[in-house]
Amino acid sequence: MAELQIKIQSVLKAKTKVTSLKSIKVGLLGIGTVGSGVFNVLQRNQGEILRRAGRRIEIAMVADLDTARAQAAVGKNVTVVADARAVIANPEIDIVVELIGGYGIARQLVLEAIEAGKHVVTANKALLAVHGTEIFAAANRKGVMVAFEAAVAGGIPIIKSLREGLTANRIEWIAGIINGTTNFILSEMRDKGSDFDVVLKEAQRLGYAEADPTFDIEGVDAAHKAALMSAIAFGVPVQFDKAYVEGITKLGAKDIKYAEQLGYRIKLLGITKQMANGIELRVHPCLVPAKRLIANVEGAMNAVMVHGDAVGTTMYYGKGAGSEPTASAVIADLVDIARLHAADSAQRVPHLAFQPQSMSTTPVLDMGQVVTSYYLRLNVADEAGVLAKVTGILAESGISIDAVLQREADEVGGEGSTQTDLIILTHDCVEAKMNAALAQMQALPTVLAPIIRIRKEELV
Ligand code: NDP
Ligand code: HSE
């Protein structure tokens, strides 16, 4: 009993100590899906968060275009304004959280907040992928933090893992399912055997895909996130403009089926690798061995594999989007800032993991220089010598074949069909070599349709 009393007293003492510190005041710009999650989780878990942060984190002011909706969301004790600049101008506010999205007004507001000496938290991957260099340079000049855990893979703490948990490692590669919408679509295509267009409509009806899903399905959203991870992993500037980006719009149910028969699943991967001659940075559909954990990440879930020279391969899995999963990451950033904002800026974890003066100029490789293996599907005339001609071109190009699958013509084109599908898996080769071989194969009169090429990664 006496022991219990001592324990209670020490907890109370600790609580008094942390609560005596001045609270950190946060200004929220935009209270939509993520903003409302941040408000709700902060309210619900304030006791736990206080004990971790050492001080109260208080949303003191909110800006949103729809002030009535915002006020209803936060209650009457929080000041709500329509003008985001009023939040930035408020000297009481320590941290500005940008949850508006896009590159327009969000860029101006983030730069103005930095200029006003505020720390910034943002979930805006598009903004940082395109304007990251400018924003981080401004933050370094002003000695403020710009934290962006929520910008990559939503609730998964991948930025913290890369910047801190894996800091001992020379990162060799990262490969991730970092867009939930496309992973949902690919999972449905595999489950139901439906084509892309059909599943996209279903995803929109269910609210998974946005009314304008272009950034998701064209791979742009994943490329934003891959560019951020690449910068942190390799100590290079954020270079979204140099990324190779290919989405899932041209994928057919047929290729998903053939890949399955060969022991692979097709995933949209964001990949970045440190090679001897530069950095690979690419987003495209990819065959992954079905036995890999990441191949079994289904629906709207995200997963990121990171290979470090010391740790080996690690994998991080969870929800990449949604109100509270994303809020979880935003609040983690708020707690980090609450703990570190009084520290000398030189002692903080650098924005992009490496010290700004130690950034590397290693180039991002052109896609033609990338080395990978391939799945090829050729729709060909079902006649003698076709396979020999195709494999002859690959042999002359120095491209080694891993496996060949030829379907029965009847199975492909119906009874009596005179055309068939030839599926070839290759070993690794340089993309430029494959491009040249593809052009030669495509020119054969017996190749009847555009050749489908999907890259393949073994991820070991
Ligand atoms: P929402 O569209 O739900 O919320 C944005 C909010 O900002 C809306 O309430 C909008 O008001 C308001 N707004 C727009 N312009 C202004 C302005 N000038 N001043 C003040 N408020 C403004 O977006 P999300 O919450 O989904 O996304 C926010 C950010 O988080 C984006 O960068 C997004 O990419 C990122 N993100 C989102 C995830 C998610 O799951 N949703 C996951 C990971 C990152 P109104 O509605 O009236 O236009
Ligand atoms: N549109 C994104 C996705 C939201 O589908 O993953 C999270 O960044």
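Modeller: Start with a definition. A patch is made of residues with over 30% relative accessible area and no salt bridge, and nonpolar side chains are joined within 5 Å. Keep in mind that this model is predicted.

Now the patch itself. Tyr103, Val130 and Phe215 make a nonpolar surface patch of about 240 Å². Take Val130 from that trio. Val130 sits in helix H7, which covers residues 125–142. Is Val130 buried, exposed or partly exposed? Its relative accessibility is 38%, so Val130 counts as partly exposed. The partly exposed class lies between under 20% for buried and over 50% for exposed.

Next, another helix. H17 covers residues 431–442. Its 12 residues should span 16 Å at 1.5 Å a residue, and this agrees with its end C-alpha atoms, which are 16 Å apart. Which residues are buried in H17? They are Glu431, Met434, Ala437, Leu438 and Met441. Seen down the helix axis, the buried residues of H17 fall within an arc of 120°, so they line one face of the helix.

Finish with a strand. S17 covers residues 452–456. It pairs with strand S10, residues 278–289, through 2 bridges, and these strands run parallel. Here Cys286 stands opposite Arg455 of S17. S17 also pairs with strand S13, residues 371–381. That pair has 5 bridges and runs antiparallel. In S17, Lys456 is the bridge partner of Ser373.

Notes: Residues numbered from 1 in each chain as written. Chains lettered and ligands numbered in written order. Predicted model: local features only at pLDDT ≥ 70, side-chain atom pairs only at ≥ 80, totals over all residues. Heavy atoms only, no water. Patch = residues over 30% accessible without salt bridge, like charges linked within 9 Å, V, L, I, M, F, W, Y side chains within 5 Å. Areas by Shrake-Rupley, 256 points an atom, 1.4 Å probe, with all protein chains shown as cover. Salt bridge = Lys/Arg side-chain N within 4 Å of Asp/Glu carboxyl O. Helix = DSSP H or I, 4+ residues; strand = E, 2+ residues; numbered from the N terminus. Buried < 20%, exposed > 50% of the residue type's maximum accessible area, 1.4 Å probe, protein only. Pairing = 2+ DSSP bridges. Expected span 1.5 Å × (residues − 1). Arc of directions from axis to C-beta.
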